[in-house]
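Visitor: Hi! Could you walk me through this structure in plain words?
Guide: Happy to, let's look at it together.

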Amino acid sequence: MASKQFDASGRRVQRREVLQLIGAGGAALGVASAGGRRLWAAVSEPPDFATLDAKTFYVEPTQDFAGKKWTIGFSNASETNTWRTALREAIQAGAGQYPNVELLITDANDSPAKQVADLEDLLAKGSNGLIIGAATTDVANPILERAQQQNLPVIIVDRLVTSEKYTTFVTSDNNVMATTCLSYLCNDLLKGKGKIAVVEGIPGSGPAVERNAAYDVVLKDFPEIEVAARQAGDWSRASGQRVVENMITAHPDLNGIHFDGGEMALGGIQALRAAGISDDDIANGSPYLTGMDNYNGWLGAIEQGIGKFTMLHPPRVHGWVSVQTLVQSLMGQKLPKLTSLAKYQAKVTPDNAKTFYKSDQPDDYWAL
């Protein structure tokens, strides 16, 4: 691969600018600025969610790209939750659009040490570019340094890293998603008063760090909302059930619970039912439930009125766009430091959940 094809660092953008860009999002991201400079403007037109698939994000290869063999590596933080399994499946589907691309996949099982070894192995096997879903915010930093030295493009997907030496960060807007969903619970449902709990994601991972920071900001605006507990549910159904069991034992008078992910929310609903709290009780606000992402079972709970609000955090779109941007980089195209998926973050309530819920699919299905 000719060294002229890729500038690993691209335009010099500080990490704080990327965070500003992420925080400026929403269905219509608008324009964020740092020092008065225009940085990013999202397309305001909503996509046709019913037709999105890997082909939607296919990039027509140049003659030069089509005439070569390429190896790309995907280092997944884990497949301990189904979001990341759907991400991997989407990356496989996206790479499968190109017969001259070989895809190598590793699974770190949430171990930073294993992910470092995985990334070393992907480079040793001759990867021309990498897609990284980082286990922690700093785990990939040494590899990013090496990739830049070797002039290799690197796509960071979903989980922000502390280094700036990557090509583009493909992500939903965690700041807006966390702010919007928790605000809906505190303001729209509880009218600024009540006792709540928050079930968070994996401590130290990029999305959890960003979302927790957003929660802190939101809660400052609601002095009459008491936060009885904030515990990590690790984005798993079993952990969500265990955490909520503990929460409602200690605080049986909760007015609301917010979940950092839909799979945890399903576990939380199981815990509430086991405690004798009926679906009708939950639907009537004892307690109100809000959450984030489009885990199919969670969307079904919202359609039934048991859950009240979520925003899409689509793993398949993350995967398809990751492949799209990496192919663009390998073809020599310049990319923005942030590839925002904000326009794919539809708000979901009981009124429109049927648009997204797939009743013929299992709970752990991800349509997008």
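Predicted model: local features only at pLDDT ≥ 70, side-chain atom pairs only at ≥ 80, totals over all residues.

Visitor: What percentage of the residues count as buried?
Guide: Of the 368 residues in the protein chain, 58% count as buried. Buried means under 20% relative accessible area, exposed means over 50%, and partly exposed lies in between (1.4 Å probe, protein chains only).

Visitor: And how many helices and strands are there?
Guide: The protein chain has 12 helices and 14 strands. Both are DSSP runs numbered from the N terminus: helices are H or I with at least four residues, strands are E with at least two.

Visitor: Let's talk about the sheet. In what order do its strands sit?
Guide: This open sheet has 6 strands in the order β4-β3-β5-β6-β7-β13, with parallel pairing. The edge strands are β4 (101-107) and β13 (338-340), each pairing on one side only. Two strands pair if DSSP finds at least two bridges between them.

Visitor: What holds paired strands together?
Guide: Strands of a sheet pair through backbone hydrogen bonds, either parallel or antiparallel.

Visitor: How many bridges join β3 to β4?
Guide: There are 7 bridges between β3 (residues 70-76) and β4, and the two run parallel. Asn76 stands opposite Asp107 in β4.

Visitor: Which helix packs on the sheet there?
Guide: That is α4 (residues 112-124), which touches β3, β4 and β5 (129-132). The direction of α4 makes about 180° with that of β3. Contact means heavy atoms within 4.5 Å; axes are lines fitted to C-alpha atoms, for helices over the stretch in contact, and angles run from 0 to 180 degrees between N-to-C directions.

Visitor: Okay, β5 next. Are its residues Gly129, Leu130, Ile131 and Ile132 buried or exposed?
Guide: All of them are buried. Gly129 and Ile131 point one way from β5, while Leu130 and Ile132 point the other way.

Visitor: Which strands does β5 pair with?
Guide: With β3 it pairs in the parallel sense over 4 bridges, and Phe74 stands opposite Ile131 in β5. β5 also pairs in the parallel sense with β6 (residues 154-157), over 3 bridges. There, Leu130 has Val154 in β6 as its bridge partner.

Visitor: Through which helix does the chain cross from β5 to β6?
Guide: It goes through α5 (residues 141-149), and this β-α-β crossover is right-handed. That term means that, with the strands pointing away from the viewer, the path from the first strand over the helix to the second runs clockwise.

Visitor: New topic: why is α9 largely enclosed?
Guide: Because 10 of its 13 residues are buried, α9 is largely enclosed by the rest of the structure. Among those buried residues are Met264, Leu266 and Ile269.

Visitor: How far does α9 reach?
Guide: α9 (residues 262-274) reaches 19 Å from its first C-alpha to its last, close to the expected 18 Å. The expected span is 1.5 Å times one less than the number of residues.

Visitor: What does Gly267 touch?
Guide: Gly267, found in α9, touches Arg237, Gly240 and Gln241, not counting residues up to four places away in sequence. At 0% relative accessibility, Gly267 counts as buried.

Visitor: Which residues other than glycine have a positive phi?
Guide: Asp158 is one of them, with a phi of about 75°. Asp158 sits in the loop between β6 and β7 (168-171) and counts as buried at 3% relative accessibility. Trp235 is another, with phi near 60°; Trp235 is buried too, with a relative accessible area of 11%.

Visitor: Last one: where is Pro287?
Guide: Pro287 is in the loop between α10 (279-283) and β11 (288-290). The peptide bond from Ser286 to Pro287 is cis, with omega near 0°.

Definitions and conventions. Residues numbered from 1 in each chain as written. Heavy atoms only, no water.
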